[in-house]
Amino acid sequence: MRVTHVITRLVIGGAQENTIATVLGLQGHSDLQVNLISGPTTGPEGSLESAFSSQRGLLTILPSLIRPIHPWCDFLAWLRLVKMFRASSPHIVHTHSGKAGLLGRLAARRAGVPIIVHTVHGPSFGPFQGSLSNLAFRTSEKCAGQVTTHFISVADAMTRQYLAAGIGRPEQFTRIFSGFTLDPFLAARNDLQLRGRLGLAPDDFVIGVIARLFHLKGHDDLVTAAPEIIRRHPKAKFLLVGDGTLRGHLQARAHAAGLEKHIYFAGLVPPADIPKYVGVMDALAHLSRREGLPRALPQALAVGRPVVAYDCDGANEVCFSDRTGFLIPVGDVKALAERLTQLAGDAPLRERLGRCGREFVRENFAVETMVEKICALYQNLAPMETK
């Protein structure tokens with residue numbers, strides 16, 4: 001069975017890591033021929049294209065498949081995808097992300113691909129943007145949804161949002177958690193040498209954030225809450241892992257508030273090093289206002305670190321209040337400061353939440369589990385002649 005995946009770009013991010021893990025994992029199945037088409041990777045978020053450096057022919061870069069809306073480039077990308085699908089005749093086209101999800105599915109339909117699958121990694125519409133943008137994205141998703149055979153949702157929240165918007169039918173959706181390689185996270189420890197290199201003391205209470213420094217990721221709320229947290233727990237430090245367009249803005253805010261000695265910008269960290277950075281954290285805050293299922297949450301839990309998260313999209317499918325961490329209302333900076341301060345002062349609570357979280361992740365987020373569920377879905381969708 002031939003399967004072609006399509007994604008807009010391979011920046012460092014959860015959807016991209018999920019897609020790469022899926023493609024590489026499916027390669028291990030002798031009855032599958034898998035490849036990936038991606039647009040060019042640009043921007044300050046870093047690139048994951050090197051994951052395919054030893055896999056010649058597995059990744060194809062399509063220059064016209066760019067993230068911003070550009071009618072001429074979008075038409076060229078669609079046309080090129082149609083030609084590529086007709087030439088390779090995949091049994092399944094599996095798309096990821098907004099632009100690639102729209103153009104890839106429409107091109108697959110035009111090329112006569114029998115099975116079209118789309119993974120909903122995060123919402124393309126919702127209260128985080130204006131009414132005109134929502135109308136445009138809903139219309140696009142409805143159009144692409146009409147030619148979609150099946151949807152994979154990384155969280156049940158995504159399924160509910162799509163069905164509420166009139167996209168798809170309940171039987172067309174399957175939830176498959178975004179798995180990752182667990183062993184490096186399960187083995188991660190509090191490396192005091194790494195703490196030292198980052199400027200963190202052994203007895204600092206380190207609150208981590210793993211997210212692009214970008215709008216809707218909630219970093220501004222953490223900076224707002226920081227003075228109160230530090231007042232109540234002077235050894236509190238904040239470790240921001242990731243980079244992006246808001247770095248200068250956040251550094252300026254930290255400087256203006258006199259927080260330079262408390263907020264550390266780690267910058268881009270290769271995915272392979274993320275477990276080490278989570279290991280030096282004592283708790284993780286995830287404050288995104290737009291997310292499918294935040295990958296950073298199960299990663300932190302796998303290390304045994306409790307989490308504090310906004311109750312947004314799929315966060316409540318991993319962050320269970322008083323079991324794996326604390327779920328708080330979106331934008332509630334007071335509750336954010338309260339819960340992080342509570343964790344800072346209660347080591348037994350942190351240990352209990354972290355232990356429960358680790359067991360939950362062991363059972364639900366192994367990359368092998370994700371790959372096997374996707375492979376099983378392909379087999380169920382495929383007509384007999386393709387098997």
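A residue counts as buried when its relative accessible area is under 20%, as exposed when it is over 50%, and as partly exposed in between. The model discussed here is a predicted one. Leaving aside residues up to four places away in sequence, His 262 touches Ile 230, Pro 234, Ala 236, Lys 237 and Phe 238.

From one buried residue the account may turn to groups of them. In soluble globular proteins, nonpolar side chains tend to be buried together. The largest nonpolar core of this model has 40 residues, and those that touch the most other members are Ile 210, Leu 239, Val 241, Leu 284, Val 361 and Phe 365. Several elements give two or more residues to this core, among them helix 7 (192-198), strand 8 (205-210), strand 9 (236-241) and helix 13 (347-364). The greatest contribution is that of helix 11, with 6 residues. Another core lies apart from this one; it has 35 residues, including Ile 207, Ala 283, Phe 326 and Leu 349. Within the largest core, Val 361 deserves a separate look. When residues up to four places away in sequence are not counted, Val 361 touches Phe 180, Leu 182, Pro 298, Leu 301, Ala 302 and Ala 366.

The aromatic rings come next. A pair of such rings is described by the distance of the centres and the angle of the planes. The model has 10 aromatic pairs. In one of them, Phe 180 and Phe 365 are tilted, with 6.4 Å from centre to centre and 40° between the planes. Phe 180 lies in the loop between strand 7 (173-175) and helix 6, whereas Phe 365 lies in the loop between helix 13 and helix 14, so the pair ties together parts that are 185 residues apart in sequence. Phe 180 counts as buried because its relative accessibility is 4%. Phe 365 likewise counts as buried, at 0% relative accessibility. Ring pairs also link Phe 177, Phe 180, Phe 185, Phe 320, Phe 360 and Phe 365 into a cluster.

What remains is the space that the atoms leave unfilled. Rolling a probe the size of a water molecule over the atoms shows where empty space is left. There are 2 cavities of 30 Å³ or more. The largest cavity has a volume of about 50 Å³. Its lining includes Asn 18, His 94, His 96, Ile 152 and Met 370, and at least two lining residues come from each of helix 1 (14-26), strand 4 (92-96) and helix 14 (367-381). By class, this lining has 5 nonpolar, 5 polar and no charged residues.

The second largest cavity has a volume of about 30 Å³. Among the residues that line it are His 286, Glu 291, Tyr 310 and Cys 312, and the lining divides into 5 nonpolar, 2 polar and 1 charged. The second largest pocket, in turn, has a volume of about 150 Å³. Arg 195, Asp 282, Arg 305, Arg 350 and Glu 351 are among the residues of its lining. The classes here are 3 nonpolar, 3 polar and 5 charged. Helix 13 provides the largest share of this lining, 3 residues.

Note on methods: Residues are numbered from 1 along each chain as its sequence is written. This is a predicted model: local features need pLDDT of at least 70, side-chain atom pairs count only at pLDDT 80 or more; totals for chains, interfaces and linings use all residues. Side-chain values use heavy atoms; hydrogens and water are left out. On a 1 Å grid over the protein atoms alone, a cavity is a set of points where a 1.4 Å probe fits but cannot get out, and a pocket is an open set with protein on both sides within 12 Å along at least five of seven lines; lining residues have an atom within 4 Å of a point. Grid points are joined across faces, edges and corners, and a volume is the space filled by probe spheres set on the points. Helices (H or I, at least four residues) and strands (E, at least two) are DSSP runs, numbered from the N terminus. Ala, Val, Leu, Ile, Met, Phe, Trp, Tyr, Cys and Pro count as nonpolar, Asp, Glu, Lys and Arg as charged, and the others, Gly among them, as polar. Contact means heavy atoms within 4.5 Å. A nonpolar core is a set of buried Ala, Val, Leu, Ile, Met, Phe, Trp, Tyr and Cys residues joined through side-chain atoms within 4.5 Å. Buried means under 20% relative accessible area, exposed over 50%, partly exposed in between (1.4 Å probe, protein chains only). Rings of Phe, Tyr and Trp (its six-membered ring) pair if their centres lie within 6.5 Å; planes under 30 degrees apart count as stacked, over 60 as edge-to-face and the rest as tilted.
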